[in-house]
Amino acid sequence: MASLIRTVKGMPPTALFGAAVIAIYVLVAVFAPLLAPYSEREVVGDQYLQWSAQHWLGTDNLGRDMLTRLIFGARNTLAIAFFATALAFVIGTVTGLLAATLGGVVDQVLSRVVDIIMAVPGLIFILLLLTIFGTGIVTLIAVIAVLDSTRVFRLARAVAFGIVAMDYVEAARVRGEGLLWIMRREILPNAAAPLVAEFGMRFCFVFLTIAALSFLGLGIQPPLADWGSMVRENATLITFGDITPLLPAAAIALLTVAVNFVVDWILHKVSGMKD
Amino acid sequence: MPRQDPPDAPLLSIRDLRIEGKAQDAWLPIVKGVDLTVKRGEVFGLIGESGAGKSTIGLAAMGFVRDGCRFAGGSVKFDGIELIGAPRKLRRGLRSSRIAYVAQSAAASFNPAFRLIDQHVEFPVLRRLMTRTEAEADAVELYRKLQLPNPDEIGFRYPHQVSGGQLQRAMTAMAMACRPDLIIFDEPTTALDVTTQIEVLSAIRDAVQSLGTAAIYVSHDLAVVAQMADRVMVLRNGETIEEAPTRTMLSSPRQDYTKSLWAVRSFKAPPRQDAAPASTLMKIEKVDAAYGEHKVLSGISFDLPKGRTVAVVGESGSGKSTLARVIMGLLPARGGRVELAGKTLPPGYRERSKAELRQVQMVYQMADTALNPRQRVREIVGRPIRFYLGLTGKALEARTRQLLNDIELDPAVYLDRLPSELSGGQKQRVGIARALAADPQLVICDEVTSSLDQLVAESMLKLLVRLQRERDLTYMFITHDIATVRAIADEVVVMKEGVVVESGPKDEIFRPPHHPYTELLLSSVPEMDPDWLSRLTARNENTTV
């Protein structure tokens with residue numbers, strides 16, 4: 001606890017701001033049912049109601065409460081983005097470390113497969129896969145994770161290559177240690193810092209991808225609330241000078257900025273750069 | 001150049017110099033009030049162990065501090081000009097034209113994309129001292145002075161096309177391009193082999209003398225400084241210990257610390273009680289090895305007697321570290337065989353059994369890369385015990401503590417430290433403990449003392465000798481340092497370009513007549529005698545003429 005307080009005290013204002021924003025988002029996502037005035041799918045009034053005491057942010061194209069949808073949106077979008085990123089990291093880190101540790105044929109095969117996946121424009125590839133496998137939440141997470149794991153793979157492999165050359169890894173090899181032990185105990189702890197920093201960055205991109213897919217109608221499916229689809233569904237309001245549909249977009253933008261502030265700070269700490 | 005000062009005024013005078021470095025948000029003193037004076041044409045030697053502040057003072061003489069450091073007080077006057085707090089433009093103008101700097105690694109200091117002469121002429125032309133043609137002609141003249149081969153042509157090569165020793169001399173030539181009043185040499189020969197070091201030292205010394213340049217010579221090697229400097233200052237922890245003319249300093253050091261530095265090279269392993277010949281632990285027979293097409297070892301054969309130390313000596317590129325990799329199984333031999341206690345070892349480590357792997361352990365040169373920075377001492381030392389001997393829980397803890405006691409580190413203090421919380425010598429001790437944890441028969445020590453200060457290196461050798469006597473260990477000691485070999489070896493193997501040149505008991509190898517290469521190696525080791533270099537170069541000239 002004391003070390004946590006010390007870390008918070010040492011943070012620059014930007015990182016502090018970022019961390020605070022992320023904390024609020026997480027709290028909102030976790031306690032969404034308690035915070036939201038109505039339920040996620042409930043039609044509570046007419047379409048496109050103005051902001052009022054009953055409906056702080058008005059209602060959407062089906063007459064659902066906008067504030068409620070915004071709050072639940074945090075839950076759906078954040079959770080899916082988090083799991084997709086986490087899965088991408090598991091896949092990417094394991095394959096990346098394998099490629100670096102074993103080298104040779106394993107490295108060649110894995111790297112070329114990754115090259116091929118990366119050669120296809122991401123969004124188009126996802127659209128293709130989603131049309132083939134359908135648009136469930138699980139498929140969505142899996143497809144995004146596999147595609148994003150290629151970038152994690154490259155980072156993990158590059159970082160691990162520098163570590164594999166170290167004498168302590170050599171010492172572990174000639175001691176007779178198994179592959180798993182070498183990867184888990186000798187390499188991973190030393191590669192963790194850049195991977196953690198990358199996690200924040202990738203999380204942002206995954207978040208944007210989901211929003212983009214939802215905007216296109218292929219992401220999170222109705223009636224689940226999601227920021228990307230909320231923008232799409234209510235976009236007509238913009239023509240009437242109502243900024244309500246921009247709020248979910250602003251929520252996305254704010255989180256992206258916040259995460260990047262924190263990532264920036266972590267990178268600084270990790271690389272040992274002096275301000 | 002017209003000068004206002006009287007000719008006997010000091011060229012550089014540093015008074016009460018204080019420099020601080022930032023560490024964890026606090027400014028800590030690195031240099032604590034050092035005074036020094038360099039006269040025109042004088043070579044001033046700065047000696048000290050790493051962290052003594054000698055390089056920092058060297059840079060401060062140019063009015064410069066590294067990132068994360070600052071001047072905290074004092075004055076640096078160069079030819080009457082105060083450099084601390086002087087405008088950047090003034091300091092930059094002085095640099096290279098009146099003060100020049102020669103760094104430890106010439107390879108890292110030259111731009112690999114330009115030819116040597118292009119980099120050489122840059123400053124004289126920029127400072128409008130010469131035209132490009134004049135500067136090039138002058139460069140050739142300087143290359144000749146520094147005894148570079150083919151002085152007319154060598155400047156038109158790229159840095160990677162000349163050897164390390166030649167590059168270091170080319171860098172010295174570059175430093176002299178503007179005929180500066182002062183040159184700062186920061187360990188210019190530390191990265192070189194002993195035989196190359198001699199050429200570079202004598203070339204630098206002759207050039208400095210003939211041009212009458214003043215110099216500050218920074219080194220940790222006393223014998224080297226003794227050859228180069230007129231006056232010597234001994235530094236420790238940023239403070240002056242002692243300053244005197246070189247000869248006085250060598251013959252009658254006043255301070256205890258200086259005396260201890262002088263005495264390090266006299267360490268010798270105590271003689272053995274039993275003179276009985278030892279049985280053979282490892283037999284290396286006609287071993288060949290290659291990296292791809294490039295053959296690095298051919299027909300290596302020698303024996304390692306049990307409980308003895310075999311020193312493998314040779315310059316970099318002689319294949320001695322490769323031999324260690326072959327024995328460890330990291331680089332499977334192409335031909336020949338390695339026999340341990342009567343049984344042939346499989347060439348690759350993957351084919352070796354756990355018991356076979358346990359018998360041969362290695363201590364690495366760079367303790368920094370040899371220890372996993374994310375593991376605590378407990379795990380680094382404990383893992384081999386657990387892995388090979390299967391101990392867990394209390395037994396593992398007890399054994400780990402015992403090992404730390406054996407290597408003279410207090411387990412209560414060091415057991416849960418990370419490598420970053422240890423000093424260089426302590427890291428190396430942990431490296432030794434990790435090797436011993438496997439309870440091996442043979443320990444390969446690859447240059448284990450070369451990255452350590454002399455005092456620390458000596459204590460390391462003492463520790464290794466004691467452990468050997470206690471546990472009947474066999475050492476294969478890879479080194480380029482003849483003083484270390486004299487101190488602890490029983491047998492010596494001399495290698496050159498992947499073959500064994502000479503091998504036998506230490507006394508035989510060190511007693512004349514020598515093999516010509518052994519002779520060259522032995523004579524190249526700097527001695528603590530200011531006349532050693534002159535004597536050696538004079539003798540070499542006589543033999544060549």
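Predicted model: local features only at pLDDT ≥ 70, side-chain atom pairs only at ≥ 80, totals over all residues.
Helices here are DSSP runs of H or I, at least four residues long, and strands are runs of E of at least two, both numbered from the N terminus.

Residues are numbered from 1 along each chain as its sequence is written, chains are lettered from A and ligands numbered from 1 in the order in which they are written, and side-chain values use heavy atoms, with hydrogens and water left out.

**Helix α19(B)**

I checked the length of α19 of chain B, residues 454-471. Its 18 residues should span 26 Å at 1.5 Å a residue, and the end C-alpha atoms are 26 Å apart, which agrees (expected span is 1.5 Å times one less than the number of residues). Then I looked up burial (buried is under 20% relative accessible area, exposed over 50%, partly exposed in between, with a 1.4 Å probe and protein chains only). Among the buried residues of α19(B) are B:Ala457, B:Met460, B:Leu461, B:Leu464 and B:Leu467, and also B:Gln454 and B:Glu458.

**Chain A against chain B**

I took contact as heavy atoms within 4.5 Å. Chain A puts 15 residues into the contact and chain B 21. About 1800 Å² is buried between the two chains, 51% of it on carbon and sulfur atoms (accessible area, 1.4 Å probe, that two parts lose on being put together, summed over both).

I found 3 salt bridges between chain A and chain B (a Lys or Arg side-chain nitrogen within 4 Å of an Asp or Glu carboxyl oxygen). B:Arg383 forms a salt bridge with A:Glu177, with the closest N and O atoms 2.6 Å apart. On the chain A side that touches chain B, α8 (167-175) and α9 (179-216) each supply at least two residues.

I looked up B:Asp138, which sits in helix α5, residues 132-145. B:Asp138 counts as buried because its relative accessibility is 15%. Leaving out residues up to four places away in sequence, B:Asp138 touches B:Met130, B:Ala177 and B:Arg179.

Next I went to B:Leu391, in the loop between α15 (377-389) and α16 (393-406) of chain B. B:Leu391 is partly exposed, at 24% relative accessible area.
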